[in-house]
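Here is a short walk through one structure.

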Amino acid sequence: MIATFAALHIAGHLTAFVSLEVNLAVVDRLRSFYKQPVFEGLLLAAVPVQVVTGLMLYRAGRNRPSGFFHRLQLASGLYLAAFIAAHAMATAVLFRNITFYSATGATNGVFTDPIFMTYYMLGPFAVFAHVACALRVMLARRIGRAPGSDGNSTHACLPMGSSRGEGSYRTCVR
């Protein structure tokens with residue numbers, strides 16, 4: 001549910017690159033869906049669960065040997081825990097109908113204020129970095145390569161089968 005919301009939310013805000021008027025129209029339309037009491041209640045209930053489980057995963061993974069992508073996933077996850085908690089509180093409780101105009105206090109949008117630009121750029125970057133690192137691990141496991149391993153010890157396992165239905169076997173190449 002959070003992933004669907006995040007995708008719609010980020011896509012809606014990306015329309016600000018077209019114009020702030022288009023952004024306002026798209027975001028208002030999306031809000032008519034995700035500000036429904038049942039959906040919003042479920043979403044807000046899921047936020048603390050996501051934050052707490054994310055912090056638990058961070059704590060479990062911070063002392064393991066790691067490479068760049070592992071550290072990027074940990075750092076982006078930690079930032080997301082703080083960002084999601086703050087953003088949910090700000091937009092669901094404090095400022096229910098905030099826009100780029102009201103968030104920056106200017107008609108020029110968020111890209112003229114370095115604080116808001118950083119806030120609104122790091123949040124989506126952290127989402128994409130975190131998801132990309134997770135997909136990298138999942139893909140590496142799927143093709144039989146341990147994430148973080150060097151190319152010399154990589155195993156590529158190819159399922160091989162007979163077209164006559166005589167069974168199958170795996171060939172692993174080192």
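Met1, Val38 and Leu42 make up a nonpolar patch on the surface. Together they have about 300 Å² of accessible area. Areas come from the Shrake-Rupley method with a 1.4 Å probe, and for residues only the protein chains shown count as cover. Patch residues have over 30% relative accessible area and no salt bridge; nonpolar side chains (Val, Leu, Ile, Met, Phe, Trp, Tyr) are joined within 5 Å, like charges within 9 Å. A salt bridge is a side-chain nitrogen of Lys or Arg within 4 Å of a carboxyl oxygen of Asp or Glu.

This is a predicted model: local features need pLDDT of at least 70, side-chain atom pairs count only at pLDDT 80 or more, and totals for chains, interfaces and linings use all residues. Residues are numbered from 1 along each chain as its sequence is written, and side-chain values use heavy atoms, leaving out hydrogens and water.

Leu42 belongs to helix α3, residues 37-61. Helices are DSSP runs (H or I, at least four residues), numbered from the N terminus. Leu42 counts as partly exposed because its relative accessibility is 48%. Buried means under 20% relative accessible area, exposed over 50%, partly exposed in between (1.4 Å probe, protein chains only).

Now go inside. The largest nonpolar core has five residues: Phe5, Leu30, Tyr34, Phe39 and Leu43. Helices α2 and α3 each supply at least two residues of this core. Such a core is a set of buried Ala, Val, Leu, Ile, Met, Phe, Trp, Tyr and Cys residues joined through side-chain atoms within 4.5 Å.

Asn23 sits in helix α2, residues 20-34. Asn23 counts as buried because its relative accessibility is 2%.
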